[in-house]
Amino acid sequence: AARLARLTRAQQDLFADGFEEVSFGRGDIVVSPGAPAQLLLVVEGEVEVLPAGSQAQAASSGKQANKNVLTAGMTHGGAALLEDSVMQELVVARSASRLQRITRDAVLRTFSEPLSSIIQRNEVKAVLGGITLFKSLSDEQFDGVVQSFEQQRYHAGDVIVQQGDGADHFYLIQSGTVQVSKDGKAVRSLGPWDYFGERGLLLQMERSATCKAQEASTCLRLHKT
């Protein structure tokens, strides 16, 4: 829900329009493991989320071995839809149920790209909009910059930039933690949506610090043109 809130109001309206109503009888399979990503909202009835490999009868029998029971107002599948992955669990109706559902295909028909790409672009725009370097860009130039970012993944201990090297990239941390050190001494740590290297986009200069991934981290990298 928190990441969906990063859609613009217009995007949220389009997203809401993509839902369809579906109904299931007791014991019906709502979602099978491996099915394309989809977000389910229970309107009426009860559905149960079971580990992959479970039998549908376990839910329809009413046994409480698994307590992942969803009732009216509860949702399931948001993570898969945001990550553009497949559904991992078996979802079965415990009673006659009515749900609202939006599938990956519905998202692609509406936006022509996965939800994760849209939200990532909005997140990047929000961060860049607060950086002086990018404030003077036109809307067209700004969109071009956002689309030019490349995603880079790093393992714990990987050096992202080395003090003294040429500075020709700007980095925006998407996930993980990056340690900044000068002359071998740690000076601070940066986390998601912090950034470094912006001066290198404007000036011919060497890196003033070393930045190293403290854990598995993902950065968005912009090359100086």
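**Stop 1: helices α5 and α7**

Select R121, V124, K125 and L128 in α5, then F142, D143, V145 and V146 in α7: these two groups meet. By class, the contact holds five nonpolar residues, three charged ones and no polar ones. Keep in mind that this is a predicted model.

Now show the whole helices. Helix α5 covers residues 115-128, and helix α7 covers residues 139-148. Their axes come within 10 Å and cross at roughly 120°. Angles from 65 to 115 degrees count as roughly perpendicular, and those over 145 as roughly antiparallel. The two helices are therefore oblique to each other. Which hand does the crossing of α5 and α7 have? It is right-handed.

**Stop 2: helices α1 and α4**

Move to residues 9-17 for helix α1 and residues 104-111 for helix α4. Here the axes also come within 10 Å, and they cross at roughly 135°. That angle makes α1 oblique to α4. The crossing of α1 past α4 is right-handed.

On the α1 side, pick Q11, L14 and F15. On the α4 side, pick V107, T110 and F111. Sorted by class, the residues of this contact are four nonpolar, two polar and no charged.

**Stop 3: strand β3 and its partners**

Select residues 38-44, which form strand β3. Strand β3 pairs with β8 in the antiparallel sense, over six bridges. Strand β8 spans residues 97-103.

Strand β3 also pairs with strand β6, residues 75-76. Two bridges join β3 to β6, and the two run antiparallel.

Center on L41. Which residue of β8 stands opposite L41? It is Q100. In β6, T75 stands opposite L41.

**Stop 4: Q100**

Stay in strand β8 and zoom in on Q100. The side chains of Q100 and E21 are joined by a polar contact of 3.3 Å. Draw that distance in the viewer.

Then show what surrounds Q100. Setting aside neighbours within four places in sequence, Q100 is in contact with F19, E20, E21, L39, L40, L41 and V43. E21 is on that list, and E21 is also the partner in the polar contact.

**Stop 5**

Switch to a cartoon view. Four strands form an open sheet here, in the order β2-β7-β4-β5, with antiparallel pairing. Which strands stand at the edges? They are β2, residues 29-31, and β5, residues 69-70. Each has a single partner strand, so one side of each is left without a neighbour in the sheet.

Strand β2 pairs with strand β7, residues 90-93, in the antiparallel sense over two bridges. Select V31, and then V91 in β7, which stands opposite V31.

**Stop 6: the sheet β10-β15-β12-β13**

The next open sheet has four strands in the order β10-β15-β12-β13. Its pairing is antiparallel. The edge strands are β10, residues 159-161, and β13. Each of these has a single partner strand, so one side of each is left without a neighbour in the sheet. How far are neighbouring strands of this sheet turned against each other on average, direction ignored? The answer is 30°.

Two bridges join β10 to strand β15, residues 210-213, and the two run antiparallel. Select V161 and then C211 in β15: they stand opposite each other.

**Stop 7**

Strand β12 covers residues 178-182, and strand β13 covers residues 185-190. They pair in the antiparallel sense over five bridges. Select V180; its bridge partner in β13 is R188.

Then go to the turn. The hairpin has two residues between the strands. Which residue in the hairpin takes a positive phi? It is D183, with phi near 55°.

Note on methods. Residues are numbered from 1 along each chain as its sequence is written. This is a predicted model: local features need pLDDT of at least 70, side-chain atom pairs count only at pLDDT 80 or more; totals for chains, interfaces and linings use all residues. Side-chain values use heavy atoms; hydrogens and water are left out. Axes are lines fitted to C-alpha atoms, for helices over the stretch in contact, and angles run from 0 to 180 degrees between N-to-C directions. Angles under 35 degrees count as roughly parallel, over 145 as roughly antiparallel, 65 to 115 as roughly perpendicular and the rest as oblique. A crossing is left-handed if the near helix is turned anticlockwise from the far one by less than a right angle, and right-handed if clockwise. Contact means heavy atoms within 4.5 Å. Ala, Val, Leu, Ile, Met, Phe, Trp, Tyr, Cys and Pro count as nonpolar, Asp, Glu, Lys and Arg as charged, and the others, Gly among them, as polar. A polar contact is a pair of N or O atoms within 3.5 Å; within protein, one must be able to donate a hydrogen and the other to accept it, and residues adjacent in sequence count only if both atoms are side-chain atoms. Two strands pair if DSSP finds at least two bridges between them.
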